[in-house]
Every structure is written in structure tokens, then in C-alpha cells.
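Me: Got a structure here that I'd like to talk through. Can you help me with the strands and the salt bridges?

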Amino acid sequence: MNDLFGKRIAILGTGLAGIAAARGLTQRGAAVTLLEKSRGFGGRCASKRWEGHVIDHGAQYFTMRDERFREAAVAACGEALWRLEMPVRDENGRALPDSGRWIHREGNSRLAREMAKGLEIRTECQIEDARSQLADFDHVVSTAPWPQTARLFGIDHAFDYIPCLAVVLAYHGDWIGRTRETYAFSSPSTVLAWTACENHKPGRIAPGFTVLVAHLGEAFSREHLEKPPAEYPALVRSMVEERWEIPADAFAGAFGHRWRLARVDAPITVPALPPRLHFVGDALRRSRVEDAWLAGHLFAQNTSFES
């Protein structure tokens, strides 16, 4: 199908929504350019090399419940997709249901990189006004979070996103505390909304260390959002050590990260947009990796792009 042949389309953002939209629109014959403001890409599929470790400090894992996403992920990544086998527990230690928690063995940012192969991507591309700076394109699609998209499109329409502070803590010793039998603890209504042991991702953690990732709850994240990320670990370190029964004297190092626009509480309704401007992203569904890809995929399939 080449119904978009000759159309020049710019997509802002190289998370999975943008990548899926670009892939689908390219298959329809459009000339698609992905524009990314930073050096890397992948959105919240974020991995960081730190002190000899590879840490997923964004999306901790992804599901593959939808067969369309599963087929695309397997086609791009093959045997590099690994399933996490150990349980996620609630704060009382009970194992939570598991429909399949998956990772990319080299870091979850690699999922986006593999799925983006062959697409035209321009990184370190700063856009302030999409309508004027991208006037040479027939259509502009933003996959940035809605508050950023509204600013880029010159629209006055607010929508509140939920922030999330992330903390990574490293300790001397292999599988210390309660880490061997549990992948993560999930307690969304508390300060430690999520804590997980990265050692369950083979080959990611340097020998002789245990590394934990904490995603902090909404109220706590809002309260401390404007503090420097370097201060986040000290705020919660003792709580993490208590939950995982880790001795404080094993501490080796830490860093913090601010996800200012981490997720939405419910899918958003976007107002009518000016001609040739479009919005797509996980906020139209739910803020999960799989939902981001599906949003972009369905957008590419179903949008007519009338001039």
C-alpha cells in the first residue's frame, strides 16, 4: 500500500510510539523523518551504563500481551528478548500475577534501537515551534508528552502528568538481602512504589555487586520534584535497605533521575489540532511500553493524512 507516496512527514520523538508510527507510515509510502532532541533515543525505554553496570532506570520491563507488538518485538530482537522468571511481590510478600515480564538482554533501550533500524533519524534536533520550523513537511506528528506537544504546536491546553523520581543503589556483594528469591516489590500507594533487583537481568551487573532500582510514589515525587537528583538517594536509601534486608555498610554508590512527565493516570482526550499537526503517544492509551508502540502502530494504520 503506497497511498502516502510523496508525503513528507516529520515525527517528533523516538520513543516506541514514534518508531511504530514511522515504520507504519513508511510502509504506506511516506518519506518519514524522526526528529529527536537528545543524543540517544527510546523515550522511557531508558538504560544507563554506570560503574560497570547496565541499568534500566526507566521502564523496568515490558509486556507482550498484544500479538502485533509481540511479532514486531520478536522480529526486531529475536533471542535478545528474555523473560524475567522471579516474582514481583506486594509489600506483604505475596507474589503478584505474571502475564510475562520481558527485557532486552543488553538494556531496554536496545528494544527501541532494534525496532528503529532502517528509519531516518536525526538526533540532537531542537524544535521550539513545530509549525514554523517544520513548514517544509506535509505533516508533523508529535509523540512528545502532551504538555510538550501543546507548547510545540502553540496550543494552550494543560493536562497533568504524574512525575516519578528514580533512584539506583549499588551494594557490595552478590545477591545480598532478599534479592535472590524476588525480582521486585510493588506497592504503588507508598513512597517505595516500586523497587527491583537488576541482578535478575543476566550479564547486566558487574560481579560482586547487587544493584537495586527504586521508582518513588506520586505524592513523594511531587513533593521532592524540584530537588537536585543527586539528593534523591539519601531520601529513601534506608527504606530500600529495610525492605530488602540489606546491611547499610554494604553501600557502594547511587544516583537519582527525574522523570518529570512519567505517566498519565487515565488516557487523555486531545483537543482539535490545526491542519497537518497530529499527536500520538502512550497517553492516548496507558503509560506502558506496549501501549506506546500500539498507539503509534494504530495511528499509522488508521490516519488518512488528508491535505
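This is a predicted model: local features need pLDDT of at least 70, side-chain atom pairs count only at pLDDT 80 or more; totals for chains, interfaces and linings use all residues.

Me: Which residue in S15 does Val-140 stand opposite?

Reply: Val-140 is across from Leu-277.

Me: And how many bridges join S1 to S9?

Reply: Four, and S1 (residues 8–12) runs parallel to S9. Within that pairing, Ile-11 has Val-141 as its bridge partner.

Me: What about the faces of S9, covered or open?

Reply: Both are covered. His-139 and Val-141 are buried on one side, and Val-140 and Ser-142 are buried on the other. In a regular strand, side chains alternate between the two faces of the sheet.

Me: OK, switching topic. How many salt bridges does the structure hold?

Reply: There are 20. One of them joins the side chains of Glu-198 and Arg-204, at 3.9 Å from N to O.

Me: Is that pair buried or exposed?

Reply: Buried: Glu-198 has a relative accessible area of 0%, and Arg-204 has 2%. They also belong to a salt-bridge network with Asp-56 and Lys-201.

Me: What is the Glu-67 salt bridge partner?

Reply: Arg-70, also at 3.9 Å from N to O. Glu-67 is partly exposed at 46%, and Arg-70 is partly exposed at 28%.

Me: And Asp-291, which residue does it bridge to?

Reply: Arg-288, with the closest N and O atoms 3.3 Å apart. Asp-291 is buried at 7%, whereas Arg-288 is partly exposed at 42%.

How values were computed. Residues are numbered from 1 along each chain as its sequence is written. Side-chain values use heavy atoms; hydrogens and water are left out. Buried means under 20% relative accessible area, exposed over 50%, partly exposed in between (1.4 Å probe, protein chains only). Helices (H or I, at least four residues) and strands (E, at least two) are DSSP runs, numbered from the N terminus. Two strands pair if DSSP finds at least two bridges between them. A salt bridge is a side-chain nitrogen of Lys or Arg within 4 Å of a carboxyl oxygen of Asp or Glu.
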